Every structure is written in C-alpha cells, then in structure tokens.
Amino acid sequence: KTKDRSCVFSFNIKGVHSHDVTEILDREGIAIRGGHHCAMPLTEMLEQISTARVSLYFYNTLDEIDYVIDVLKRVKEIYESGEFLKA
C-alpha cells in the first residue's frame, strides 16, 4: 500500500554538518536539502543541529539512487581522511 511507504530520508553523517553534505552533493549534480526542514522542535528534541534530507520519487532510477549512495560514501571518506582540510 502506498500509505505505508515513504520516499523522504533525513540523516546525518557523523562529524559532517548537513550543509557541507548538501554542498558536496550539489557539486556532483545531486540536489538535497539541509537544515531544520520546518521542524526545529523535532530537530532539537533529537539533539541534532540539523539534518540532510533526500527525497526520492517513482521517476528516480536505481542507478540514480546508487549514485547518491556512492557520493554519500565519498563524503564520509573525505571527512574521515581530513582531505577537506587540504582544499
């Protein structure tokens, strides 16, 4: 049933601000949102500064979804390695 499905995912990558995640993905041609998403009380209750949010829909292909995941993995690797400090 479609009422039991969601295509919006809010997340954080440990040690990376959501706006940094959105900036890096934007450079790779992927548009996502970062911030409070009009839900600041919830964000605060979850003890988060902000979150990144990916929205998918029926027109997204599996290849596009895999690409988002691959870029998110690279974001994590960049911040874990300190590579972003060299730029």
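**Entry 1: overall picture.** I began with contacts, meaning heavy atoms within 4.5 Å. Among contacts in the protein chain between residues at least 6 apart in sequence, I noted that 60% join residues at least 24 apart. I kept in mind that this is a predicted model, where local features need pLDDT of at least 70, side-chain atom pairs count only at pLDDT 80 or more, and totals for chains, interfaces and linings use all residues. Residues are numbered from 1 along each chain as its sequence is written, and side-chain values use heavy atoms, with hydrogens and water left out.

**Entry 2: the elements.** I looked up helices (DSSP runs of H or I, at least four residues) and strands (runs of E, at least two), numbered from the N terminus. The protein chain has three helices and three strands, and they follow the pattern β-α-β-α-β-α along the sequence. The C-alpha trace spans about 45 × 35 × 15 Å along its principal axes.

Entry 3: I took buried as under 20% relative accessible area, exposed as over 50%, and partly exposed as in between, with a 1.4 Å probe and protein chains only. By that rule, 26% of the 87 residues of the protein chain are buried. The chain exposes about 6800 Å², and carbon and sulfur atoms supply 55% of that area; the areas come from the Shrake-Rupley method with a 1.4 Å probe. I also noted 11 positive and 14 negative side chains, with the centres of the two sets 6 Å apart. Lys and Arg count as positive here and Asp and Glu as negative, while His and the chain ends are not counted.

**Entry 4: the core.** Which residues touch the most other members of the largest nonpolar core? I found F11, I13, V21, L25, I32, L72 and V75, in a core of 16 residues. The elements giving two or more residues to this core are α1 (18-27), β3 (51-55) and α3 (62-81). The largest share, five residues, comes from α3. A nonpolar core is a set of buried Ala, Val, Leu, Ile, Met, Phe, Trp, Tyr and Cys residues joined through side-chain atoms within 4.5 Å. I then followed V75, which touches I13, V16, V21, I24 and L25, not counting residues up to four places away in sequence.

**Entry 5: a strand residue.** I moved to T51 in strand β3. Is T51 buried or exposed? T51 is buried, with a relative accessible area of 14%. Leaving aside neighbours within four places in sequence, the contacts of T51 include S10, F11, R33 and H37.

**Entry 6: two positive phi values.** H37 sits in the loop between β2 (33-35) and α2 (40-45). I noted that H37 has a positive phi of about 55° although it is not a glycine, and that H37 is partly exposed at 22% relative accessibility. In the loop between α2 and β3 I found E47, another residue other than glycine with a positive phi, near 60°. E47 is exposed, at 70% relative accessibility.

**Entry 7: the rings.** I paired Phe, Tyr and Trp rings (the six-membered one for Trp) if their centres lie within 6.5 Å; planes under 30 degrees apart are stacked, over 60 edge-to-face and the rest tilted. The count comes to three aromatic pairs. The ring centres of Y57 and F58 are 4.5 Å apart and the planes at 50°, so this pair is tilted. F58 and Y59 have ring centres 5.7 Å apart and planes at 70°, so they are edge-to-face. Y57, F58 and Y59 form one aromatic cluster. Y57 is partly exposed at 46%, while F58 is exposed at 69% and Y59 is exposed at 58%.

Terms used
Charge placed at Lys NZ, Arg CZ, Asp CG, Glu CD.
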